[in-house]
Amino acid sequence: MLGKKEQKFMPTMRCFDIGGTKIVCADVSECGTITELARVPTPTHSYDAFVGELSKLCADSSKFEAIGISIAGTINADTQVISSANIACVSGKPLASELSAALSNKVHVINDANAFGLAQARLGKARDHEVVLALILGTGVGGSIIIDGSIINGRHGTAGEWGHGPATAARTGFALPTIRCECGQPNCLDVIGSARGIELLYKQLTSNELTCPQVIALWRSGDVQASKVADVWLDVVGGALANIVNFLEPSIVAVGGGLANAVPLISALDAEVSLRRMEANQTGLLYCATSGPEQGLLGAALYCLTQ
C-alpha cells in the first residue's frame with residue numbers, strides 16, 4: 001500500500017493541519033484518501049477555545065484508533081512540550097498528552113515541516129531517496145530532515161529549523177537590514193529569506209512597498225530593482241542552503257510553502273546552490289512540491305504509524 005516498506009495507514013484516522021490562521025480537519029483513509037470535514041479559524045490566544053474547537057471536531061473520536069495533528073511549532077522530543085510563535089496559546093503545553101485526555105483518544109502531534117517532509121519522503125517524488133531535505137519557504141522559513149523514511153528530530157525537536165540562524169549576503173556583500181526575529185535573535189534567515197523578506201529588501205532598495213508576488217512578477221519582467229532584490233535573496237538563501245547541502249548531502253530537496261509556487265525563483269535558487277556547494281554545477285537538486293494542508297494531513301497520518 002502507501003508509504004515506505006509497504007506500511008499501511010490505520011483504518012480511517014481523524015487528522016488536523018493547524019496553522020496560525022486556520023485549522024483543517026479531515027479523515028484520512030487506509031489508502032491515503034483525504035476527506036475534508038471542516039476549516040475553521042485557529043483560536044491562537046485562548047487554550048480553552050483551542051481545545052474546545054478540536055473537541056467539537058472530534059465528537060466521534062471513539063471511531064478512530066488515533067488522532068494525528070500537524071501543527072506550526074517545535075515539539076520537545078523529551079517532554080513533548082510545544083513552542084509556537086504563531087499559536088501562542090499552545091506554547092509551554094504538553095499538547096499530545098493534554099489533548100489525549102481531553103479527546104479520550106491517542107493523539108500524536110508532529111511539527112508541520114516534519115509532516116510535509118514525511119509525506120514527500122514516503123509518498124512523494126522523494127520516496128526512494130535515503131536522505132531527504134524538505135524546506136518550507138513562505139511566510140517563514142522552516143524545514144525537516146528525513147533519513148531512510150524517518151524524521152530526525154534532535155533532542156529538543158529543532159532539527160531542520162534552518163530559518164533560525166544568521167542571514168548573510170556573502171556573495172553580493174549587500175548590507176542587510178537589522179530586524180529582530182520572533183525567536184529573539186537578530187536577522188534570522190526566517191526574516192530575510194521568507195516572502196516577507198523579499199518585501200523588506202524591496203522596500204530597503206526602493207523605499208516603496210510591494211507584495212512578494214508583485215516583486216517576483218517585476219523580477220520576471222526584467223525590472224532592474226526587483227532583479228537586485230532577487231539576487232540578494234538568492235545570495236542569502238542559497239548560501240545558507242549550500243552549507244546544509246554540504247553537511248547533509250541530500251540526494252533531493254523538496255520545497256514547499258508559498259514561494260514554491262514561484263517555480264522560476266526556485267529554479268534560480270537551485271542554480272545558486274549548485275554554484276556554491278562543494279559538488280558544484282549539479283543542478284536539479286531542488287524541486288517544487290505540492291504543499292498545503294493535504295501534505296500536513298498525510299504527514300500526520302503517516303506519523304501515527306510510527307508511534
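1. Helix α6 passes helix α8 in a left-handed crossing (the near helix is turned anticlockwise from the far one by less than a right angle; clockwise would be right-handed). The contact is formed by I216, W219 and R220 of α6 with P264, L265 and A268 of α8, where contact means heavy atoms within 4.5 Å. By class, this contact has 5 nonpolar residues, no polar ones and 1 charged.

2. The model is predicted, with local features requiring pLDDT of at least 70 and side-chain atom pairs pLDDT 80 or more, while totals for chains, interfaces and linings use all residues. Residues are numbered from 1 along each chain as its sequence is written, and side-chain values use heavy atoms, leaving out hydrogens and water.

3. The axes of α6 (residues 212-221) and α8 (residues 263-276) come within 10 Å and cross at roughly 70°. The two helices are therefore roughly perpendicular to each other (65 to 115 degrees).

4. Helix α1 (residues 47-57) packs with helix α2 (residues 95-103) at an angle of about 55°, their axes lying 10 Å apart. The crossing of α1 past α2 is right-handed.

5. In α1, Y47, F50, V51, L54 and S55 meet L95, E98, L99, A102 and L103 of α2. The residues of this contact divide into 8 nonpolar, 1 polar and 1 charged.

6. K93 lies over the face of Y47, at 4.5 Å from the ring centre (the rule requires NZ of Lys or CZ of Arg within 6 Å of the ring centre and within 35 degrees of the ring normal).

Technical notes: Axes fitted to C-alpha atoms, helices over the stretch in contact; angles between N-to-C directions. Helix = DSSP H or I, 4+ residues; strand = E, 2+ residues; numbered from the N terminus. Nonpolar A, V, L, I, M, F, W, Y, C, P; charged D, E, K, R; others polar. Parallel < 35°, antiparallel > 145°, perpendicular 65-115°, else oblique.
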